[in-house]
Amino acid sequence: MAWRRARAIFFCMAAALAMAVGAGWPPSVSAQVANFHPCNAQPSLPICLHGYGRRIAVQRWGATPEPLDPDAVAKAPLVTRDPAREIEKLKSTTAFVQDMDTSEVLFARDADVVRPIASLVKLMTALVVVEAGLPMDETIVIDASDVDAPSELPSRLAAGARLSRADLLHLALASSENSAAHALGRTYPGGMTAFVEAMNARAAALGMGDSRFVEPIGLSNENVSSARDLARLVHAASRQPLIGEFTTDAKYSIDGRTFHNTNMLVGRPRWDILASKTGTTREAGDCLVMMVRLGGRNLAMVLLNAQGMSGSRFGDAVRLRRVLDSRMAAK
């Protein structure tokens, strides 16, 4: 037991040192360092001792997964007799639902709080790429800068890989591949600086006054937004057929490899999802945005900083749907 405690202390000290070193770096780099936990880089430590990164340990080393939120399972009921109880069970700090055709807000909790949004950023990345009219069949070569981002999981795309812009967009949206998103920004006319400027210009045009973007992946904590802003973003993204198609593919194969959608609700028969994106970092927590068709209405659903069991953001989506269905049935 003594050696385990010593090892835990060592990695905690390593985490503190990493953040201390990062303090002298540019803000965006420091934010990325803060999102990387040293435990997740240690093959000798199959389960992170600090809670954060357990999902990564499961994926890398086959550690025992934590229990799935019962409301996130495929057969979870979508009706309730106690809407108030469903609201009490929400695990997300921020929850927001808005009818985007009428602007009616159907549910709001901390809708205007500005917080990091992790890979939800990739929706804006996709919107800028698609609206720029760049050729989707153009071949792009993955380079070292695309795969070197300090991410929790290594890139599944190797430097030198050749993919079309459409393939990169598909991977960035459906399976949240960081290297694909970086390559999309890097190859934008004018390079990465011009791409980030375009992201912020598009946010301003959408009226996203609470939002700021510094890179196209979502690793930096300086990528921030509010739930109300994100509802505008996912609504605009859903109007682009290519984004809607790619974000609602349950799985996607390329060069003999299969990539799965990070949204476990995609593909379920009782969900009519028009567009979606997930995101996760330590600072942002587990996040989910979706455009869903429910009761004949086009609803933007935003869940930020979900805590608790694995899949709590998806469980929260189910819980909110129960509440909404009960309200619509009562009218």
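These are my notebook entries on a predicted model, from overall figures down to single residues.

**Ground rules**

I number residues from 1 along each chain as its sequence is written. Since this is a predicted model, I take local features only at pLDDT of at least 70 and side-chain atom pairs only at pLDDT 80 or more, while totals for chains, interfaces and linings use all residues, and side-chain values use heavy atoms, without hydrogens and water.

**Entry 1: overall figures**

I looked up the secondary structure and found twelve helices and eleven strands. Helices (H or I, at least four residues) and strands (E, at least two) are DSSP runs, numbered from the N terminus. The protein has 331 residues, and 53% of them are buried. Buried stands for under 20% relative accessible area, exposed for over 50%, and partly exposed for what lies in between (1.4 Å probe, protein chains only). The accessible surface is about 14,200 Å², with 56% of it on carbon and sulfur atoms. Areas come from the Shrake-Rupley method with a 1.4 Å probe, and for residues only the protein chains shown count as cover. I then checked contacts, meaning heavy atoms within 4.5 Å. Of those between residues at least 6 apart in sequence, 64% join residues at least 24 apart.

Why do I call α5 largely enclosed by the rest of the structure? Helix α5 covers residues 121-131, and ten of its eleven residues are buried, so the rest of the structure largely encloses it. The buried ones are V121, K122, L123, M124, T125, A126, L127, V128, V129 and V130. After α5 comes G133, with a positive phi near 70°.

Next I looked for nonpolar cores: sets of buried Ala, Val, Leu, Ile, Met, Phe, Trp, Tyr and Cys residues joined through side-chain atoms within 4.5 Å. The largest has 58 residues, and M124 and L168 touch the most other members. Helix α5 gives the most to this core, eight residues. Another core of 24 residues lies apart from it, and includes L78, I273, L294 and F314. As background, nonpolar side chains tend to be buried together in soluble globular proteins.

I listed the contacts of M124 beyond four places in sequence: M199, R202, A203, L206, M208, F213 and L233.

S176 is in the loop between α7 and α8. Its phi is positive, near 55°, and S176 is not a glycine. S176 is buried at 15% relative accessible area. D110, in the loop between β2 (105-109) and β3 (115-116), also has a positive phi, about 55°, without being a glycine. D110 is partly exposed, at 39% relative accessibility. For reference, most residues other than glycine have a negative phi.

**Entry 2: rings**

How many aromatic pairs does a search of the whole structure find? The search gives one. Rings of Phe, Tyr and Trp (its six-membered ring) pair if their centres lie within 6.5 Å; planes under 30 degrees apart are stacked, over 60 edge-to-face, and the rest tilted. The pair is Y188 with F195, edge-to-face, at 5.1 Å centre to centre and 70° between the planes. Y188 is buried at 17% relative accessibility, and F195 is buried at 0%.

I also checked for charges over rings, which need NZ of Lys or CZ of Arg within 6 Å of the ring centre and within 35 degrees of the ring normal. R156 lies over the face of F259, 4.2 Å from the ring centre. R321 has its charged end over the ring of W271, 4.8 Å from the centre.

N305 is in strand β11 (residues 297-306) and is buried at 13%. Its side chain makes a polar contact of 2.7 Å with that of T93. Such a contact is a pair of N or O atoms within 3.5 Å; within protein, one must be able to donate a hydrogen and the other to accept it, and residues adjacent in sequence count only if both atoms are side-chain atoms. Beyond four places in sequence, the contacts of N305 include K91, S92, R115, E283 and D286.

A76 is in the loop between α3 (54-61) and α4 (83-88), buried at 4%. A76 and R319 are 243 residues apart in sequence, with C-alpha atoms 9.7 Å apart. Beyond four places in sequence, A76 touches P70, D71, R270, V318 and R322.
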